[in-house]
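Thanks for passing this one along.

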Amino acid sequence: MSDVGPLLKHWRSARRLSQLALAAEAAVSIRHLCFLETGRANPSRAMVLKLAEVLDVPLRERNTLLLKAGFSPEYPESELDAPALAAVRGALDTILAQQEPFPALVMDRSWDIRHTNTAARRFFAFLQAGEPKAAPGPANVLRRMFHPDGVRRHVTNWPEVAEALVRRVRREALGGVTDERAQRILDEVLDYPGVPASLRSLDAATPVLPIVPIRYAHGDRRFAYFSTVTTLGTPQDVTLQELRIECFFPMNEETREHARRLASGGF
């Protein structure tokens, strides 16, 4: 008996599908699907992949489903600097360069920052210039935003941004995309000094605004950005599917001008 049944049921529940709806969409009998979920029948490799596709299971978790069913993984997980991903790295560099003089970064599903454009490095160095400390550990969006020694002290609407970030992490967790490390980092940052306890009990299902402005201040200079997140289309590699490209766009002419002056060394 394989261990894949409970996982299939988990993903069906996460996608809010009944057995009848999933059986119809996957073109299998509801009786057979019931047997698969309860462990009374073992799925073939093709069946695991078909159900995973219908359920839109992320590639990493599709590999887990296959392993639980007794099969080898289907999707590779490459290092971002692997020769096979050279074309993708080139595409990422192009996207980040096109965003100049405004910040852009690439992060993974643990919210670690994997790559940034020059504008992002320049902007965050400007914000933290002269600061004696920085957020601990590797560069990570959550730590950078929540730690007292990160950029949090420069975000004038920090409560709003913090709430939106927590909801985003929790929504991903509900969809099964987040990993244990991301959850550990979230637990860590929610324990930082000055973080409201109310953030621990946020309802991830509550709708939030599609655009959350991030307003920064350093001295007498003000920046107002909103961001968009892009993923790579139809990737067949675990690493690539988990990458997210976040681009920041100015919300006013003051921010545009400040970004241009930073780029030219005018500050």
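1. Let me start with the charges. The chain carries 35 positive and 32 negative side chains, and the centres of these two sets are 2 Å apart. Please keep in mind that this is a predicted model.

2. On the overall build: the chain has twelve helices and five strands, and its C-alpha atoms fill a box of roughly 70 × 45 × 30 Å along the principal axes. Of its 267 residues, 47% count as buried.

3. The structure contains 16 salt bridges. One of them pairs arginine 12 with glutamate 37 at 2.6 Å, N to O.

4. Next, glutamate 74 and arginine 45 form a salt bridge whose closest N and O atoms are 2.7 Å apart. Glutamate 74 sits in the loop between α5 and α6 and arginine 45 in helix α4, so the bridge ties together parts 29 residues apart in sequence. Glutamate 74 is partly exposed at 39% relative accessibility, and arginine 45 is partly exposed at 24%.

5. Arginine 168 bridges to glutamate 246, with the closest N and O atoms 3.9 Å apart. Because arginine 168 lies in helix α9 and glutamate 246 in strand β5, the pair ties together parts 78 residues apart in sequence. Arginine 168 is buried at 16%, as is glutamate 246 at 7% relative accessibility.

6. Finally, a network: Arg60, Glu61, Glu77, Arg109 and Glu242 are joined by salt bridges that share partners.

Note on methods: Residues are numbered from 1 along each chain as its sequence is written. This is a predicted model: local features need pLDDT of at least 70, side-chain atom pairs count only at pLDDT 80 or more; totals for chains, interfaces and linings use all residues. Side-chain values use heavy atoms; hydrogens and water are left out. Helices (H or I, at least four residues) and strands (E, at least two) are DSSP runs, numbered from the N terminus. Buried means under 20% relative accessible area, exposed over 50%, partly exposed in between (1.4 Å probe, protein chains only). Lys and Arg count as positive and Asp and Glu as negative; His and the chain ends are not counted. The place of a charge is taken as NZ of Lys, CZ of Arg, CG of Asp or CD of Glu. A salt bridge is a side-chain nitrogen of Lys or Arg within 4 Å of a carboxyl oxygen of Asp or Glu.
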